[in-house]
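Please open the model in your viewer and keep the selection tool at hand. This tour goes from the whole chain to single residues, and each stop says what to select and what is there.

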Amino acid sequence: PAELHQTTWSTEMAIRFINEKRDGPWMLSMNPFDPHPPYDPAPEYLERYDPETLPPPLFRESDLERQKLFANVCQQAVAPGNPLGESNFRYNAEEDFTQFACHPPSEFNGRKVKAAYYAMVEHVDHEFGRLVDALETAGQLDNTLIIFHSDHGETLGDHGQLYKGCRFWEGLVHVPLMFAWKGRIQEGLISDALVELVDIMPTVMDAAGLDIPANVQGKSLMPLLSGAADPDIFKSEVICHFNDALGSARESLPSHATMRFDGRYKTNIYHGLDLGELFDLQEDPGEFVNLWDDPAYAVIKSELVLKHMDAIMATSDAGIERAGRY
């Protein structure tokens, strides 16, 4: 039941922290495990979702063949499966929890997985509401910057895959990022600006009136959140890295890959494997057509790869701020 879930427990501990007597400012980072494999939502939330009414995962039969090229890339789903089948995928408490949480089954029903995932999302949403209510009851809501975000997404059956890994599908890298602070952040603002999670730290420092170190690679979002900045020119690109993360199904084959996205074109380079992807998200938002080897896109690919290289090199720390030219 929901009352025994880790999501509920995290909220209880956070509320206890908020209500503690203290002098001066505070900061709290709360990290619920859900929504996350092995997809074990509270039954009272799961019963609200009928899998048959949910949209199916992004999938074409061609995905099964296309994903064979990525057999040497670390991902929790070693081989893709058809997410539109009839497999009744549900977590069984009698099975090995750790094994099931790290390695997805070879067969699954994408709609049933999505129902479980949505149920966990709704549970998190409910608990987050309790947290905001607690801030208001404590008289601290108007003086608190609230940030809601995720570290990564979930393939959720898209392209025949589950869980995560060394891939850069929109479902994995396009994560929620929401801010609230009464009187300081424009209410109801929805922005299409390109932003990154590395922007959170300088945003918090800016909001607290602290100087942002010169070697910080992120960019404060406060001008954007206040409505003062133009979202169309705020950032020209975003990047993402995969650097041999733990929990992959192929830990004997470490993977290193990078992604660059400019709002339309996405380039993914799997380093050391002579493998790449180029997607035009304006024409192909589902990322079904890899243009990497398409002769018609050879010039565009060349230009984008150069920009990709520049973007990744820009993440190299130049060291401490220089006091002179040497």
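The tour begins with the overall view, moves to the cores, and then visits some loops and helices.

**The whole chain**

Bear in mind that this is a predicted model, in which local features need a pLDDT of at least 70 and side-chain atom pairs count only at pLDDT 80 or more, while totals for chains, interfaces and linings use all residues. Residues are numbered from 1 along each chain as its sequence is written, and side-chain values use heavy atoms, with hydrogens and water left out.

Show the protein as a cartoon, and you can look for nine helices and six strands, where helices (H or I, at least four residues) and strands (E, at least two) are DSSP runs numbered from the N terminus. The radius of gyration is 22 Å, close to the 20 Å that the globule rule gives for 326 residues, so the protein is as compact as a globular protein of that length; this radius is taken over C-alpha atoms, and the rule is 2.2 Å times the number of residues to the power 0.38. Along the principal axes, the C-alpha atoms fill a box of roughly 60 × 60 × 35 Å.

Now switch to a surface view, where the protein exposes about 18,800 Å², with carbon and sulfur atoms supplying 53% of it; such areas come from the Shrake-Rupley method with a 1.4 Å probe, and for residues only the protein chains shown count as cover. Of the 326 residues, 40% count as buried, a word that means under 20% relative accessible area, whereas exposed means over 50% and partly exposed lies in between (1.4 Å probe, protein chains only).

**The nonpolar cores**

Which residues touch the most other members of the largest nonpolar core? Select Val73, Cys166, Phe168, Phe261 and Tyr270, which do so among its 17 residues; a nonpolar core here is a set of buried Ala, Val, Leu, Ile, Met, Phe, Trp, Tyr and Cys residues joined through side-chain atoms within 4.5 Å. The strands β3 (238-243), β4 (256-261) and β6 (275-280) each supply at least two residues of this core, and β4 gives the most to this core, with three residues. Apart from this core lies another, of 16 residues, including Ala2, Leu54, Ala116 and Met120. In soluble globular proteins, nonpolar side chains tend to be buried together.

Next, select cysteine 166 and display what surrounds it: leaving out residues up to four places away in sequence, cysteine 166 touches Val73, Cys74, Gln75, Phe242, Ser255, Ala257 and Tyr270, where contact means heavy atoms within 4.5 Å.

Most residues other than glycine have a negative phi, and most peptide bonds are trans. With that in mind, go to the loop between α1 (6-18) and α2 (43-46), where proline 35 is placed, and see that the peptide bond from aspartate 34 to proline 35 is cis, with omega near -5°. Proline 38 is found in the loop between α1 and α2 as well, and the peptide bond from proline 37 to proline 38 is cis, with omega near 15°.

Then move to the loop between β1 (146-149) and α6 (170-173), where leucine 156 lies with a positive phi near 55°. Is leucine 156 buried or exposed? Leucine 156 is buried, because its relative accessible area is 10%. Histidine 159, in the loop between β1 and α6, has a positive phi near 60° and is buried too, with a relative accessible area of 1%.

Select residues 200-207, which form helix α7, and highlight Ile200, Pro202, Thr203, Met205 and Ala207, which are buried. What covers these buried residues includes β1, β2 (177-180) and α8 (222-225). Alanine 207 counts as buried because its relative accessibility is 14%, and, leaving aside neighbours within four places in sequence, alanine 207 is in contact with Leu145, Trp181, Arg184 and Met222. After α7 comes glycine 209, whose phi is positive, near 75°.

For the last stop, select alanine 298 in helix α9 (residues 298-313). Alanine 298 is partly exposed, because its relative accessible area is 43%. A distance drawn from alanine 298 to leucine 145, C-alpha to C-alpha, spans 46 Å, and these residues are 153 apart in sequence.
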